[in-house]
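Subject: Structure for you to look at

Hello,

I am passing on the structure we talked about. Please open it and keep it beside this message as you read.

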Amino acid sequence: RLVGLTGNQFGGCMQREKYLNYIAGEWVGGDESSENINPSNISEVIADYVRADRQQTKHAIEAASAASSDWASYGVQARSELLDEIGNTLLAQKESIGTLLSREEGKTLPEGIGEVTRAAHIFKFFGGEVLRQTGDLLPSIRPEIDVEILRDPMGVVGIISPWNFPAAIPAWKIAPALAYGNCVVFKPADLVPGTAHAIARIIVDAGVPSGVFNFVMGRGSVVGDEIVTNPKVDAITFTGSVETGRSVAQTAVARMAKFQLEMGGKNPLVVLDDADLSNAVECAVNGAYFSTGQRCTASSRLVVTDGIYDQFVDSLVNRLERLKIGNAIDPNTDVGPVVDKNQLNQDLYYIEEAKKEGAKLAFGGDLLTRETEGFYLQPALFTETDNDMRINREEVFGPVASIIRVSDYEEALSIANDTEFGLSSGICTASLKYATHFRRHAQAGMVMVNLPTAGVDSHVPFGGRKGSSYGSREQGRYAQEFYTTVKTNYVGS
């Protein structure tokens, strides 16, 4: 739902459409808006999106708080059907919303449509989970007393999502929040509001009661800060940078609010001498460079043993030479543009820093010119690196990967685990012995064997260890740990 002014003339200027926030059951305008720029064609403004102010955000939180009691007791069948309908509508609109996602974020069109499809499946999964909620009935050690263990909703859940997965991550936060009886105040990334707005419109049109779902676009320093600090927000789920995540944690702890953080990774892909070379190269290209490397699960450290090292480097460079970098919605594109100018500058900064530290730029790293002006960066590959270099310690979040040469499996495992992050870790090998050992000893929340480090099904838990994540897992039935609280009831005869 949008308020459209397209086609009307005001002082000789064409007024673009403005997309609104949804607060307390109404679409609401505001004094400030942001332009949504297409990174494949920076002269194209997709639309204007109204930014909520602090008072509007407070109103959204108050509306969610007022609706909490009724929604917690809302019929489970009706709640299940609502979520399933949202999923079905997303599937019906996956091409149009996926195209919008690709235009505003820069993912290729198959990636954009695929992400919307994943979001739809998440809503449908939690539509089923509404009816699969369980508890426990235990005997007390005292006679004629029963103990009933149930889960209550948290109340008001504040959701702050990032720009790199504008459909999937909001879905895996919103769907379980609603499924388990919570009310929602959702703030999408200010950089990519379009996909989030489309999802919000579908949720509203599905018939969610007033106050249960609230959608507030805007700056993190205003909207995000109010969500994190407001005492009526009972739980906060955040995906974003390490710096902001730590700030969220400190604020939440100070007021004893429940919180959940996902903050990125520096994920290794280990390639052993016995690996299938062609598969290892495809795993590296997919994990490191698809989605323009803008994934927290991207395999930015390629840890390769001596015996296969030279072959792997040659084959990987050959594969990178054949990648087509271009407009996200061009069907021939393999890798789209970087999301915006700031992220592009960050990528270029790390490329230069790697060179200064002595890493060899084996391929790419150049700005590219295409038919339309955009943030196009040739995928970069570094060799002759060690694990102490900044390029191997800090998250670049772009199409940049480095190779670390090691002597054997034991050194590879040690290097793979030598990081402050622990989200995803992968290994390519034909050895059952090494694959089994790696699965048990990789210090990561998710381990991939002969697969890219990126790519997680919609019904399984997502999350990491160490500096990557904090709190219970997202996705799947494990999501109930965050969105509910355990209640122990004693019943005497």
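The model is predicted.

Pockets
The largest pocket has a volume of about 1200 Å³. Its lining is made up of 43 residues, and those nearest the centre are Trp 163, Phe 238, Gly 240, Ser 241 and Thr 244. At least two lining residues come from each of H7 (220-229), S13 (235-239), H8 (242-254) and H11 (341-356). By type, the lining has 17 nonpolar, 16 polar and ten charged residues.

The second largest pocket is about 390 Å³ in volume. It is lined by 21 residues, with Arg 118, Phe 165, Ser 291, Arg 295 and Gly 455 closest to the centre. Helix H4 gives the most to this lining, five residues. The lining splits into eleven nonpolar, five polar and five charged residues.

Cavities
The whole structure holds three cavities of 30 Å³ or more. The largest cavity has a volume of about 70 Å³. Of the 13 residues lining the largest cavity, Gly 293, Ala 298, Ser 300, Glu 395 and Phe 397 lie nearest its centre.

A helix pair
How are H13 and H14 arranged? Helix H13 (residues 409-417) packs with helix H14 (residues 432-441) at an angle of about 25°, and their axes are 11 Å apart. Angles under 35 degrees count as roughly parallel, so H13 and H14 are roughly parallel to each other. Tyr 409, Glu 410, Leu 413, Ala 416 and Asn 417 of H13 meet Tyr 434, His 437, Phe 438 and His 441 of H14. The residues of this contact comprise five nonpolar, three polar and one charged.

Regards

Technical notes
Residues are numbered from 1 along each chain as its sequence is written. This is a predicted model: local features need pLDDT of at least 70, side-chain atom pairs count only at pLDDT 80 or more; totals for chains, interfaces and linings use all residues. Side-chain values use heavy atoms; hydrogens and water are left out. On a 1 Å grid over the protein atoms alone, a cavity is a set of points where a 1.4 Å probe fits but cannot get out, and a pocket is an open set with protein on both sides within 12 Å along at least five of seven lines; lining residues have an atom within 4 Å of a point. Grid points are joined across faces, edges and corners, and a volume is the space filled by probe spheres set on the points. Axes are lines fitted to C-alpha atoms, for helices over the stretch in contact, and angles run from 0 to 180 degrees between N-to-C directions. Helices (H or I, at least four residues) and strands (E, at least two) are DSSP runs, numbered from the N terminus. Angles under 35 degrees count as roughly parallel, over 145 as roughly antiparallel, 65 to 115 as roughly perpendicular and the rest as oblique. Contact means heavy atoms within 4.5 Å. Ala, Val, Leu, Ile, Met, Phe, Trp, Tyr, Cys and Pro count as nonpolar, Asp, Glu, Lys and Arg as charged, and the others, Gly among them, as polar.
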